[in-house]
Amino acid sequence: YLLSVKVIENMAVQSNLHTVRKWLQHLDNDLFVQFLPQGQGVRPLSLAGHVGFDSLPDQLVNKSICQGFCFNILCIGETGIGKSTLMDTLFNTNFENLESSHFEPQVKLHAQTYDLQESNVRLRLTVVNTVGFGDQMNKQESYQPVVDYIDRQFESYLQEELKIKRSLHNYHDSRVHACLYFISPSGHSLKSLDLVTMKKLDSKVNIIPVIAKADTISKSELHKFKIKIMSELVSNGVQIYQFPLDDETVAKVNTTMNGHLPFAVVGSTEEVSVGNKMVKARQYPWGVVQVENESHCDFVKLREMLICVNMEDLREQTHTRHYELYRRCKLEEMGFKDTDPECKPVSLQQTYEAKRQEFLVELQKREDEMRQMFVQRVKEKESELKEAERDLQGRFEQLKRLHADEKAALEEKKRLLDEDQSSFGKRRAAAQLLQAQSLTANGKKDKDRKK
Ligand SMILES: Nc1nc2c(ncn2[C@@H]2O[C@H](COP(=O)(O)OP(=O)(O)OP(=O)(O)O)[C@@H](O)[C@H]2O)c(=O)[nH]1
Ligand SMILES: [Mg+2]
């Protein structure tokens, strides 16, 4: 009993109500042993009377109804292809729709959340629209903002899961559960942008391709177009969402519906009188296209498959396949692994310790490298400085020599000048003496004459 409660709890954690119901349909005491790991010696016992745990599925359903559900749809398609009209038609309401411009410089994603209620079931629905998809000259990068958006929602969920204090029970799960890919009703083939985008997204989200505005294409052309699209998807290895076949209660209808993909849809919120009742339709001068008439388009098939039959599977696939893949890649990227190279299991703690050790070794290595680099740089600088000092010393010596030479030359000049000056002085003295002697001789002659 405890074990089955555990199993049910686990399933409930994964919001796998459908699977829980399926298990419990077959559950009787003799089956309990199936849940157990082998060889644990648990004996099946039959009960003598009513105990009450058969109400577990009801408890689970009540709890889920209380908590409410959330569902997130991403609509990818060119501007004006009919995304908003189809959403309004699908949920029978009027979401806030703004017409997008055809001149956006890049693709943006616009998400809007609504609280809806049908009977006593509350649904928190988020509709994400691509704005400006396929409008740019270079269409190669159109898918990137979409990929980034989906990854961001996975990342937020992962961050919440990795928190010490998690609050996943009231966390607003914004992961995209279904992606309606609107194919233009050209009747020819898929555009390369369609193939590239779907290929980039198929491992991240459940893709449901739809042929938009199917009233603009004739019945025979539509048939050929559907075959062409499916063969192009297969030949390009694009994995679209397949309605699940593991639950026998819906396996038959899902098998049939898988054969109708991609659904050719018509959207309209306009009511037109047909016979004696009002129906959702598009009215043309030549007739009326009824949205909910299965011989006119596949709208009802889409609504049945997306909302009534497989909504829970879409949520489950998002969690168990796409999110799991994102989480695994992300944790592996961070260096976490379940086993070591010898395939022995490794705990998170061991991985953390190993990572820490690796980091410390790397840090030490970097520190050593930096120290060596520092020493090397100091040595280089030192030798540069020594070289500069030697240069300076050389120039100083040269200047000193120059100065000494100049001083010697000046001293030589001074000595020569002194010599000149003294010889001049001598000559002047001799001249003066001569002059004095001649004056004395002349005076003597005059005296003699007077006498
Ligand atoms: N023929 C036809 N016209 C449709 C269909 N669905 C929508 N339309 C028309 O296409 C035009 C654009 O529809 P929207 O639903 O606003 O398209 P959208 O993709 O939301 O446009 P943006 O948000 O501006 O990119 C409107 O005039 C709709 O009436 C359809 O199934 N068939
Ligand atoms: Mg719109």
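Strand β1 is mostly covered, with seven of its eight residues buried. The model shown here is predicted. Strand β1 belongs to an open sheet of six strands, and the pairing in this sheet is mixed. The structure also holds ligand 1, which is surrounded by 17 residues, and a search of the whole structure finds 10 aromatic pairs. The points below take these topics in turn.

**The sheet as a whole**

- The six strands follow the order β2-β3-β1-β4-β5-β6.
- β2 and β6 (263–264) stand at the edges and have a single partner strand each, so one side of each is left without a neighbour in the sheet.
- Strands of a sheet pair through backbone hydrogen bonds, and the pairing is either parallel or antiparallel.

**Strand β3 and its two partners**

- Strand β3 covers residues 121–131, and eight of its 11 residues are buried, so the strand is largely enclosed by the rest of the structure.
- On one side, strand β1 (residues 69–76) runs parallel to β3, and seven bridges join the two.
- Within this pairing, Phe-69 stands opposite Leu-123 of β3, and Phe-71 stands opposite Leu-125 of β3.
- In a regular strand the side chains alternate between the two faces of the sheet.
- Strand β2 (residues 108–118) runs antiparallel to β3, and 11 bridges join these strands.
- Leu-125 of β3 is also the bridge partner of Tyr-114.
- β2 and β3 form a hairpin with two residues between the strands, where Ser-119 takes a positive phi near 50°.

- Strand β1 pairs with strand β4 (residues 178–183) in the parallel sense, over four bridges.
- Ile-76 has Tyr-181 in β4 as its bridge partner.
- Strand β5 (residues 207–211) pairs with β6 in the parallel sense, over two bridges.
- In that pairing, Ile-211 has Ala-264 in β6 as its bridge partner.

**The shell around ligand 1**

- Which residues are closest to ligand 1? They are Ser-84, Thr-85, Ser-100, Asp-215 and Gly-267.
- The shell divides into three nonpolar, eight polar and six charged residues.
- Helix α4 (83–91) and strand β8 (277–284) each supply at least two residues of the shell.
- α4 gives the most to the shell, with three residues.
- A polar side-chain atom of Thr-85 lies 2.4 Å from an oxygen atom of ligand 1.
- For Ser-84, an N or O atom in the side chain is 2.7 Å from an oxygen atom of ligand 1.
- Lys-213 has a polar side-chain atom 3.1 Å from an oxygen atom of ligand 1.
- Taken alone, ligand 1 exposes 650 Å², and the protein buries 77% of that.

**Aromatic pairs**

- Among the 10 aromatic pairs found in the whole structure is that of Phe-91 and Phe-95, whose ring centres are 6.1 Å apart.
- Why is the pair of Phe-91 and Phe-95 edge-to-face? The ring planes of Phe-91 and Phe-95 stand at 65°, and planes over 60 degrees apart count as edge-to-face, so the pair falls in that class.
- Phe-91 is buried, with a relative accessible area of 15%, and Phe-95 is buried with 7%.
- Phe-95 also pairs with Tyr-114: their ring centres are 4.6 Å apart and their planes are at 45°, so this pair is tilted.
- Phe-95 lies in the loop between α4 and β2, while Tyr-114 lies in strand β2, so the pair ties together parts that are 19 residues apart in sequence.
- Phe-95 and Tyr-114 are both buried.
- Elsewhere, one aromatic cluster is formed by Phe-154, Tyr-157, Tyr-171, Tyr-323 and Tyr-326.

- Lys-301 lies in helix α9, which covers residues 299–309.
- Is Lys-301 buried or exposed? Lys-301 has a relative accessible area of 8%, and buried means under 20%, so Lys-301 counts as buried.
- The side chain of Lys-301 makes a polar contact of 3.2 Å with the side chain of Glu-294.

Definitions and conventions: Residues numbered from 1 in each chain as written. Chains lettered and ligands numbered in written order. Predicted model: local features only at pLDDT ≥ 70, side-chain atom pairs only at ≥ 80, totals over all residues. Heavy atoms only, no water. Buried < 20%, exposed > 50% of the residue type's maximum accessible area, 1.4 Å probe, protein only. Pairing = 2+ DSSP bridges. Near = heavy atom within 4 Å. Polar contact = N/O pair within 3.5 Å; in protein donor to acceptor, adjacent residues only side chain to side chain. Areas by Shrake-Rupley, 256 points an atom, 1.4 Å probe, with all protein chains shown as cover. Nonpolar A, V, L, I, M, F, W, Y, C, P; charged D, E, K, R; others polar. Phe/Tyr/Trp six-rings, centres within 6.5 Å; stacked < 30°, edge-to-face > 60°.
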